[in-house]
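Subject: Structure handover

Hello,

Here is the structure for you to look over. My notes on what turned up follow below.

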Amino acid sequence: MSTLSLQATLPETETKKLKGTMSTTEIVCSVLAFNGPFSVVTGYAPVIIGVGHTLGVPLIFLLCGVFFMLFAVGFTTMGQHLENPGAFYSYITAGLGKPAGLGGAFLALLAYLSIAIGVYAFAGYTVDLFLQHTFGIPALSSWLFALALIGLVGVLGYFKINLSARVLTMVLAIEMVMIFAFNISTLASGGAEGITLAPLSLGSLEGANIGLAVLFCIVCFGGFEAAAIYHEEAANPSKTIPRATYLSIIVMCLLYAICSWVIVTAVGSSTVIDATLNDPAGTTLTAIGVALGKTVQGMCNALLITSLFACALSTHNVTTRYVYSLSVDGVLSRAFAKVHAKQGSPYRASAIVTVITLIFTLCSFVGNVSVSKVYIAFAGVGAYALILLMLLTGIAVITYLHRRRDLKIGAFKSKIAPALAVLGMLVALVLGSMNFAILIDGSQGIALLVIGLLYGLFLLGVGLGMYYRKNKPSIYSCIGRQLG
């Protein structure tokens, strides 16, 4: 049922719709900012080459892009007939039922909060190093800079989404200019050993740790579903959201594939694996220095900070809208569902997300917890939770479209593409489970404990949904931003 029907059941002060006129471009920029393309190019791509022990990362990115396009076929098809915002939360609810939808919402909330905390930690560390190396400022606790970033993001989260979208678009534009300059300069010079197409051949995958490489590549596509969560704040969402989803996947696929190929070219195919394995963080920045000069290399350190800021802002916005959706439904306090009269923003939901991340960061600061361990562990938890969510969503898409035979959707959109996507996500989940200890940089015992907690959180949501069905039908009827 439509969101308007849901709104009729709640007090007026809590049911104002979010406001915004986000265009396709602005939504795409918000989605891309979630990962921070520059941080992927300088951080994730070299890690995948080194840890995956393969030159074939461009090929893996292209294959992952095809897989995500298959996932998007069913995802956007279902979205065109499901007007409720809430993304994974709404989709899983509509396809698998309200208890499963609530479990999915809890997982999504944990995933994005984990990613946000990890990004703040890494950003604080990056700012600290930048100030030390560039201005000779004595080392301070990285958590202080993380706290400052949380405050800045919290302020932007108070205002209308279009302001955040403009900030993200501006930062992303600067990132893309730098990335294109590096790519063009490297290809024009031929790199260390000349241009090679070896990374695009199947032979480049021989002897590779395919499991880890695929897993990390999938993580780089995370956040594409954020397009659907801006349903209420998009201009003409029935057209804007599908376009933004497909365009985001295409841009990420081509961008990451080309950039990883350029990194191999810049460093040299005979040495790039060892170089990225020994110094993943410095490999790309060093290559940029060779291609564009030391001055530009220094500027890139500052650009990495803005990239992480954009990632933090985008993640905050997505997390806020999950809190808002759960609050509108009554699962969380409806006080957080209040929309600002002037800004049209979920300002209270934004404030509680800011407070949660602030408390955790303060505790880490007081407890002198390692910034690097927090970043790695929480990024890994968030990535695994997102893979599990996409698997559940894929199954929900198939179930929903099978039930809605009245829509007369073709077999490819309703069955074939979603089924292939589910199969691929199941493989990714198995790979993630097998390599989870590496993903969070922890012991096997800790890995099993965290995985158990993730599945336990999903089951907790399912159990709570069943409790609401029996004891609080008014809340149960609203789960998933719908009635019934």
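Asparagine 317 sits in helix α15, residues 294–328. Helices here are DSSP runs of H or I with at least four residues, numbered from the N terminus. Is asparagine 317 buried or exposed? Asparagine 317 is buried, because its relative accessible area is 3%. Buried means under 20% relative accessible area, exposed over 50%, and partly exposed in between, using a 1.4 Å probe and protein chains only. Setting aside neighbours within four places in sequence, asparagine 317 contacts Gly157, Ile161, Ser164 and Tyr230. Contact means heavy atoms within 4.5 Å.

Before you go further: this is a predicted model, where local features need pLDDT of at least 70 and side-chain atom pairs count only at pLDDT 80 or more, while totals for chains, interfaces and linings use all residues. Residues are numbered from 1 along each chain as its sequence is written, and side-chain values use heavy atoms, with hydrogens and water left out.

Now confidence. pLDDT is the predictor's confidence in each residue, from 0 to 100. The protein chain has a mean pLDDT of 86, and 94% of its residues reach 70 or more. Among its elements, helix α20 (residues 444–471) has the highest mean, 95. Helix α1 (residues 3–7) has the lowest, 40. Over residues 1–15 the pLDDT is below 50. That stretch still has 31 contacts in the model beyond near neighbours in sequence.

Next, a helix pair. The axes of α4 (residues 37–51) and α12 (residues 237–267) come within 10 Å and cross at roughly 60 degrees. Axes are lines fitted to C-alpha atoms, for helices over the stretch in contact, with angles from 0 to 180 degrees between N-to-C directions. The two helices are therefore oblique to each other. Under 35 degrees counts as roughly parallel, over 145 as roughly antiparallel, 65 to 115 as roughly perpendicular, and the rest as oblique. From α4, the contact uses Pro37, Val40, Val41, Ala45, Pro46 and Ile49. From α12, it uses Leu255, Tyr256, Cys259, Ser260, Ile263 and Val264.

Histidine 53 has a positive phi, near 50 degrees, and is not a glycine. It lies in the loop between α4 and α5 (57–79). Histidine 53 counts as partly exposed, at 42% relative accessibility. Lysine 408, also not a glycine, has a positive phi of about 55 degrees. Its place is the loop between α17 (371–403) and α18 (411–434). Lysine 408 is exposed, because its relative accessible area is 74%.

Best wishes
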